[in-house]
Amino acid sequence: MLMRRQFVLTLILMPIAFGIWYAAGALFSAPAVWLCDMLIQAVYPHLIESVWLQDMKMGALTRFGMLGGEVVAASAAGNQIELEINTRLVSYSIAFYAALLMASSLQNGFYKFCLGLFCLWVIMAFGLASIAAKDLLVTVGAPFLSAPGVPPADLLALTYQFNVLLMPTLAPVCLWVWQLRGSPLWEALASDIRRASGQE
């Protein structure tokens, strides 16, 4: 009964949560972009000069430029390649998480939402960084791959696919399940799992 209520309420709240997320614009993306900038500047300051947020787009100014149709160092090219990333590719996880949590009616719900929101911002920062790495791989190519500390192309592609295709839906569910612990819904879910596995 509790699981059915959770499912129905989540479906009802989903359009509301996504509507608020869409209307909020850059509000839910800004902390993740700031964290992404810190991450990139700590790991790859020799590849990306600066990161910023404009509307829903994260911009990244690289240290590469174009000269005669070839990618070279920005200092030699006299220009810089700029990346543009749509932050909504990862930030929709917040709306999904909010719908799941609101439907659960947990104690200290606001505190748990704030804690989960911070975790999602950290995960989103890694997601944005992986998108930037993929864009550098596609746009810059060999000069990027040959730079110090850059992982192989296959690993970059796998990281991008995981962070963009899986994490925005997987992370909210994992956070929600973790925060359910000790609640009546958690007990009902555990009972259903035991029953399905034949332990009851």
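Modeller: A cavity is a set of grid points where a 1.4 Å probe fits but cannot get out, and its volume is the space filled by probe spheres set on the points. The model shown here is predicted.

Colleague: How many cavities of 30 Å³ or more are there, and how much space lies in the largest cavity?

Modeller: Rolling a probe the size of a water molecule over the atoms shows where empty space is left. In this model the count is 1 cavity of 30 Å³ or more, and the largest cavity holds about 60 Å³ of space.

Colleague: Which helices each supply at least two residues of its lining?

Modeller: They are α4 (88–104), α5 (109–139) and α7 (153–180). Among the lining residues are Val90, Ser93, Leu120, Met124, Asn163 and Met167. By class, the lining has 7 nonpolar, 3 polar and no charged residues.

Colleague: How do α4 and α7 cross?

Modeller: Two packed helices are described by the angle between their axes and the distance between the axes. Here the axes of α4 and α7 come within 9 Å and cross at roughly 25°. Angles under 35 degrees count as roughly parallel, so α4 and α7 are roughly parallel to each other. The crossing of α4 with α7 is right-handed.

Colleague: Which residues meet in this contact of α4 with α7?

Modeller: In α4 they include Val90, Ser93, Phe96 and Leu100, and in α7 they include Asn163, Pro168, Pro172 and Trp176. The residues of this contact comprise 14 nonpolar, 5 polar and no charged. Val90, Ser93, Asn163 and Pro168 also line the largest cavity.

Note on methods
Residues numbered from 1 in each chain as written. Predicted model: local features only at pLDDT ≥ 70, side-chain atom pairs only at ≥ 80, totals over all residues. Heavy atoms only, no water. 1 Å grid on protein atoms, 1.4 Å probe; cavity = no way out; pocket = protein on both sides within 12 Å on 5 of 7 lines; lining within 4 Å. Helix = DSSP H or I, 4+ residues; strand = E, 2+ residues; numbered from the N terminus. Nonpolar A, V, L, I, M, F, W, Y, C, P; charged D, E, K, R; others polar. Axes fitted to C-alpha atoms, helices over the stretch in contact; angles between N-to-C directions. Parallel < 35°, antiparallel > 145°, perpendicular 65-115°, else oblique. Left-handed = near helix turned anticlockwise from the far one by under 90°. Contact = heavy atoms within 4.5 Å.
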